[in-house]
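User: I would like to learn how to read a few features of a model, taking one at a time. Where do we start?

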Amino acid sequence: MKDSGRNKIQTLELGRGVAALGVVVFHAAYAMPADDLAPLLERFFLAGQTGIYFFFVLSGFVMFWVHEKDFGRPEQAPKYILKRINRIYPIYWAILIPMLLAYQILPQLGLPEFREAGTIVSAFLLAGDINPTPLTVAWTLFHEMLFYVIFGVVILSRRWGGALFIIWMVACLANIWMGIEFYPLSPVNILFAFGAAAAWIVRNRSIASRTWLWSGIALFVATVLFTDAFHMGTLGIILVGTASTMIIAGSAALELRGTLELGRPWVTLGAVSYVLYLVHGPVISALAIAAESVAVPLNRFAFIAICIVASLLVSYVVHRLLERPMLKLGGAAIRSWDERRAVSGA
């Protein structure tokens, strides 16, 4: 497929939102263990954690899709770094800081390590000690930021950055057998390469997009049915990553051909997905505490539904009042800086 010139693919926003909802469902189901669900339904609820692996593939796709033309152009590196910082850190810090204050004021909350300086610094930087981290879901952001750094090296130098990326992928593959518990060598990092490969295929090859999409969905369902989603091993992660690659490539190709369009609600779900991912844990924890004090019994299906609605509402409010203004402000500052740099010839 030839490059259409479109960087914003709405189906990817939908995928981002659905993946975030899957993680919400997983954590909500895990927060209230009970035996009141049919085994098959429970398996699909717990499989929501596979949304994490979808995120990794999607990130690889987006980075390659947006920045392929920047490879080997070091003058683009500062702008790339600032944009990544603006996208990840401000809203993350806005959610992390109140949690850290709560851990300090109420020692009975969280682990003792959450009050230690080393853990706090690692959490702020999203680098260093990944376990434990005060905002539990942020462990994925440690992987994300590492990927962004290595990807930035590719922008600085196509040759050396490409070599570093390949070495990193080989090391992560080798660690499948070595089993070293060190997140930069985790096999889940391989999923970034899956996403980058999907972007290259969509941009440079003509694919049977519907076949890719439905085959990916079928592989995902089969993986959920025949693997333990709660304790998914490396093979399961690779299978989910492969399914995610096919779904992302197939849906993106369909949209770029003009045969798939999304309504505004689905795009909005994608827009709030990052905040949804960050805030749903505290929301579910608060609801779980409240559920324990309710005299009327609450089954897990109802609890999951309440968690979804509450998490979506909180996410939308935080997105509108905090994240979107932060992104606009940061984006304007970056554009202003880039224009001044262009004028000065820096």
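This is a predicted model: local features need pLDDT of at least 70, side-chain atom pairs count only at pLDDT 80 or more; totals for chains, interfaces and linings use all residues.

User: How many helices and strands does the secondary structure of the chain have?

Analyst: The chain has 13 helices and 0 strands. Read from the N terminus, the elements run α-α-α-α-α-α-α-α-α-α-α-α-α.

User: What share of the residues counts as buried?

Analyst: Buried means under 20% relative accessible area. By that cut-off, 47% of the 346 residues of the chain are buried. The chain exposes about 17100 Å², with carbon and sulfur atoms supplying 69% of this area.

User: What share of the contacts joins residues 24 or more positions apart?

Analyst: Counting contacts with a separation of 6 or more, such residues account for 77% in the chain.

User: How does one check the span of a helix, taking α10 as the case?

Analyst: The expected span is 1.5 Å times one less than the number of residues. Helix α10 covers residues 234-256, and its 23 residues should therefore span 33 Å; the end C-alpha atoms are 32 Å apart, which agrees. Just after α10 comes Gly-258, with a positive phi of about 80 degrees.

User: Why can α10 be called largely enclosed by the rest of the structure?

Analyst: Because 18 of its 23 residues are buried.

User: Which residues does Thr-223 touch, leaving out those up to four places away in sequence?

Analyst: Thr-223 belongs to helix α9, residues 209-226. Its contacts beyond that range are Met-232, Gly-236, Leu-239 and Val-240.

User: Is Thr-223 buried or exposed?

Analyst: The relative accessible area of Thr-223 is 4%, so this residue is buried.

User: Which residues does Phe-194 touch under that sequence limit?

Analyst: Phe-194 sits in helix α8, residues 190-204. With residues up to four places away in sequence left out, Phe-194 touches Val-57, Ile-238, Gly-241, Thr-242 and Thr-245.

User: What separates the C-alpha atoms of Phe-194 and Glu-339?

Analyst: These two residues are 145 residues apart along the chain, and their C-alpha atoms are separated by 35 Å.

Technical notes: Residues are numbered from 1 along each chain as its sequence is written. Side-chain values use heavy atoms; hydrogens and water are left out. Helices (H or I, at least four residues) and strands (E, at least two) are DSSP runs, numbered from the N terminus. Buried means under 20% relative accessible area, exposed over 50%, partly exposed in between (1.4 Å probe, protein chains only). Contact means heavy atoms within 4.5 Å. Accessible areas come from the Shrake-Rupley method with a 1.4 Å probe; for residues, only the protein chains shown count as cover.
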